[in-house]
Amino acid sequence: MASIPSTQKGVIIEKTGGTEVLQYKTDLPVPTLAEGQILVKNEYIGVNFIDTYFRSGLYPAPHFPFILGKEAASTIVKTGGGELYGLKEGDRVAWMGDGAYAEYSAIRAAAAVKVPSALSSKVAAASFLQGLTALTLVREAHAVQKGDWVLVHAAAGGTGLWLVQLLKSIGANVIGTASTSAKVELALSAGASYVVNYSHEDVKSRVDSLTAGRGVVAVFDGVGRSTFDLSLDCLARKGSLVSFGNASGPVPPVAIARLSAKNARLLRPSVMNYIVTREELEHYSADLFGSIVKDGLDPRIHEVYPLSEAARAQQDLEGRKTTGKLLLDPSK
């Protein structure tokens, strides 16, 4: 194993704001290990909306300066003491935690899993957070069954494409929404049954037409503020509105009595609370990686950006200029 340097490249924030607060540094200290941690050299880093929430202040950063980033595919270069769950130096791992926008990260061994030999590090990084999010949503937030009618907002986005592929594998009837013809075609190619181009089509009317006025049994809504009312309108009686993101801003407070008109369920889940235990993380990771290897599920990588261009990656993500997954390469 190569020697570990004392400094590294990374992206930090010292205050919240727009992408101008992102600072690319070349002299950050390589972190030291605490009990139960491993030091990893990141190969590919996932870019997610949650990164922009911490940057903007929607979610509070635990401290400043703060290294952004919640996931990566990496190689273990050093291990600390304590329970390591069988992980050792040289293992390729995928992980979720803090501090991914850097060459090296010190992470809890409990939050990392081995990447199967049949899977590249690029695919693992592109799949982990969004794939686990989508998988736990369709398994636990609302257990979708074959033949169910389901609505997926932003169906050509990173998590949206995962949801479409997983729902197709279950045998659900998937109605997606997208804003351009190109995004409509991408969502259809991923397995959506129908995709509504909301730039010129009325989503509610299309849902009513497709479901004979009954509505959908579940809406998976990662958009937030701008789609919440529409999502509730599209639900069938006893349906589930699964609100899992804030791409358009956080949903304002909701009067709970609104749910009684349809006996609707409203959930605001987080993937992290579905994989709290080691057993849950290993179960869902094996499920996800197995689906990629055996069933050909595709993370649809949009672009790999140099780590030094993390600001451009976040601008593209927030500006709805992307489809699929965005990655950072810390070697550039």
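Arg278 is buried (under 20% relative accessible area; exposed is over 50% and partly exposed lies in between, with a 1.4 Å probe and protein chains only), at a relative accessible area of 13%. The model is predicted: local features need pLDDT of at least 70 and side-chain atom pairs pLDDT 80 or more, while totals for chains, interfaces and linings use all residues. Residues are numbered from 1 along each chain as its sequence is written, and side-chain values use heavy atoms, leaving out hydrogens and water.

**Salt bridges**

- The structure holds 14 salt bridges, each being a side-chain nitrogen of Lys or Arg within 4 Å of a carboxyl oxygen of Asp or Glu.
- One of them joins Arg278 to Glu282, at 2.9 Å from N to O.
- Arg278 and Glu282 lie four residues apart in helix H7 (residues 278-295), so about one helical turn separates them. Helices here are DSSP runs of H or I with at least four residues, strands are runs of E with at least two, and both are numbered from the N terminus.
- An α-helix has 3.6 residues a turn, so residues three or four places apart point the same way.
- Glu282 is partly exposed, at 39% relative accessibility.
- Asp298 and Arg300 also form a salt bridge, with the closest N and O atoms 3.6 Å apart. Asp298 is partly exposed at 33% relative accessible area. Arg300 is partly exposed too, at 22%.
- Glu303 bridges to Arg312, with the closest N and O atoms 3.1 Å apart. Relative accessibility is 27% for Glu303 and 32% for Arg312. Both residues count as partly exposed.
- A network of salt bridges links Glu303, Glu309, Arg312 and Asp316.

**Helix H1 and its packing on H8**

- Helix H1 (residues 49-56) packs against helix H8 (residues 310-318) at about 105°, with the axes 10 Å apart. The axes are lines fitted to C-alpha atoms, for helices over the stretch in contact, and angles run from 0 to 180 degrees between N-to-C directions.
- H1 and H8 are therefore roughly perpendicular. That term covers 65 to 115 degrees; under 35 is roughly parallel, over 145 roughly antiparallel, and the rest oblique.
- From H1, Phe49, Asp51, Thr52 and Arg55 meet Gln314, Leu317 and Glu318 of H8. Contact means heavy atoms within 4.5 Å.
- These contact residues divide into two nonpolar, two polar and three charged. Ala, Val, Leu, Ile, Met, Phe, Trp, Tyr, Cys and Pro count as nonpolar, Asp, Glu, Lys and Arg as charged, and the others, Gly among them, as polar.
- Asp51, Thr52, Tyr53, Phe54 and Arg55 are buried in H1. Their cover includes strand S1 (7-13), strand S3 (37-47), strand S4 (66-67) and H8.
- Gly57 follows H1 and has a positive phi, near 100°.

**Asp51**

- Asp51 sits in helix H1. It is buried yet has no salt bridge.
- Lys325 is the nearest side chain of opposite charge, 7.1 Å away. Lys and Arg count as positive, Asp and Glu as negative; His and the chain ends are not counted.
- Beyond neighbours within four places in sequence, Asp51 contacts Gly46, Leu68, Gly69, Lys70, Tyr101 and Gln314.

**Ala72**

- Ala72 lies in strand S5 (residues 71-79). Its relative accessible area is 1%, so Ala72 is buried.
- Not counting residues up to four places away in sequence, Ala72 touches Asn42, Tyr44, Ile45, Val93, Ala94, Trp95, Ala100 and Ala125.
- Ser105 is 33 residues from Ala72 along the chain, with 9.4 Å between their C-alpha atoms.
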